[in-house]
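Take a look at the model below. We will go through one chain, and then through the interface.

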Amino acid sequence: MKNSMELEIPGGHIELPHLPPIEVAGVTFDLSISKHVFFLLLAALVVTIVAVYAARKNQKNKVPSGFANLVEIFVLFIRDEVALPTMGKGGIKYLPFLLTTFFFILVMNLAGLVPYGATSTSNVSVTAGLAFVAFIMIQVTAIRAQGLKHYLAHLTGGVHWALWPIMIPVEILGLFTKPFALCMRLFANMTGGHIVLLALVGLILLFQSAAVAPLSILFGVGINMLELFVALLQAYIFTMLTALFMGFGMQPEHGDEHAEGAR
Amino acid sequence: MFDINPGLMVWTIATFVVLVLVLSKYAWKPLLKVLQEREDGIRQALEQADRARSEAADLAKQNEKNLAQAEEEYQRIIREGKTLADKLREEIVVKARQQAQREIQQVKEEIQRDIDAARQQLRVEVADLAIQAAGKILDETLDAQKHRKLVDNFLNQLPKN
C-alpha cells in the first residue's frame, strides 16, 4: 500500500531504478520510478490503448459494439451528465480534459484491486498533482470565459473596497480549497478502502487464530467489491466536481461556489 | 503519509498533461466526432421517418377522399342514367301512343270519308233510279229539274240511314 522502490511480482520482487534527485529552486525532486510512478505510467498506457482502440473501432463500425461500446457509454455519460449540465455548450471544448481525468483516475483506482497492483491515487502526491492540474484548468476556464479583468474583479467578491483586505484573501483561499478538497477526497477514499482491508486481515493477527480467517476473507471480499464501486464513484466525483468548478467560472452569475458535493 | 513528494507530483502532472494531449488528438476528438455524427444521423433519420410518415398519412387521406369522390360520381352517373332512361322510355311510349292515336284517327277519318262518299253516290244513284222508275211509271217526261228537287226533298225526309 505504501509507496516503495520495489515492484512485487509473484514469487519475489523487482528493484525499481533509482534516479539521482534533482534540485530546482531549493526543492528536491526525486524523479525515481517508484511503485506508484510505475503504476501511474501503466495506467496512462492502459488508458491510451483503451481509448485509441475504442476510437479506431468506432470510426470503423457504424454501429457500436463490444468493448468500444462500453468505453463509449462512459464518454457519453461524461458528455451528457457531467460536461453539458455544468458548463453548457461551452463545456464541449473541455471534454478531452474531463474524459482524460475520468479514465486516468478510474484506471489508477482499479489498478490497486488487481493482485500485486498498487493504487497510485492512494498517494497524496499523486492526487495533489491531479488537483494541481484541475486547479489550473478551473482558473484558465474562468479567465477565458470572463476575461482577466472580470476574473480579478470577482476576487474582490463585489464588496466595498474597504473590505478588500479581508475579501481578497478569503476569495483566494476559496480558490485553493476546491482543488485541496479534490486532492484529499480522492486520496482519503482510495486509502480508506485499503486500510479497512488491512484491518480485516489484521484481525487474524490480533486474535492469533486461523478461525477468524473465513470471516476476514468474507468481509474482505465485500470491501473489495465496495472498493470497485468506490473506484468508479471517486473517478466520477473528481471529474464531476472539476467540471462543476469550471462551470462556475464560466457562469459567474450562478455563483453558488460553495455548493460542493460531498463524498 | 502526508508528506508531499515533489518528484511524484511532477510525474503525475507530466503524465497527465501528456495523456491529455495525446488522447485528445488520437482518441477523444475522433470518438466525439463519431458520436456527434451518429447522433446527427439518428436525428436526421428520425426526422425523415417522421416526414415520410406524415406524407404517407396525407397520401392516404387524399386517396380516401378521391375514392369517396369517385364513389359519389359513380352513384350520380348511375342515377342520372336511370333518370334519363326513364324519361326516354316515357317519351318514346308517349310518342308511340300519340302516333298510334294519330294513325287511328286518320284511318277513321278516311273510313268516314269513304262512307260519306259512298252514301252520296248511293243517294245520287237512288235519286236517278227513282226518277227513272217514276218516269216509267207515269210514262210521262217530267221536268227533270223540278222533279229532282222533289226527290231530293223526299230523300232528305228519309231517315239518315
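Contact here means heavy atoms within 4.5 Å. Keep that cut-off in mind for what follows. The model is predicted.

Start with chain A. Among its contacts with a separation of 6 or more, 66% join residues 24 or more positions apart. Chain A has seven helices and four strands. Their order along the sequence is β-β-β-β-α-α-α-α-α-α-α. The chain counts 263 residues, and 44% of them are buried. Its accessible surface is about 13500 Å². Carbon and sulfur atoms hold 73% of that surface.

Now turn to the interface. Interface size is often stated as the accessible area lost when the parts come together. Between chain B and chain A, the buried area is about 3600 Å². Carbon and sulfur atoms supply 80% of this area. On the chain B side, the residues that lose the most area to chain A are B:Trp11, B:Phe16 and B:Trp28. Together they make up 20% of what that side buries.

Two salt bridges are found across the interface of chain B and chain A. One of them pairs the side chains of B:Arg38 and A:Glu72, at 2.6 Å from N to O.

Terms used:
Residues numbered from 1 in each chain as written. Chains lettered and ligands numbered in written order. Predicted model: local features only at pLDDT ≥ 70, side-chain atom pairs only at ≥ 80, totals over all residues. Heavy atoms only, no water. Buried area = accessible area lost by both parts, 1.4 Å probe. Salt bridge = Lys/Arg side-chain N within 4 Å of Asp/Glu carboxyl O. Helix = DSSP H or I, 4+ residues; strand = E, 2+ residues; numbered from the N terminus. Buried < 20%, exposed > 50% of the residue type's maximum accessible area, 1.4 Å probe, protein only. Areas by Shrake-Rupley, 256 points an atom, 1.4 Å probe, with all protein chains shown as cover.
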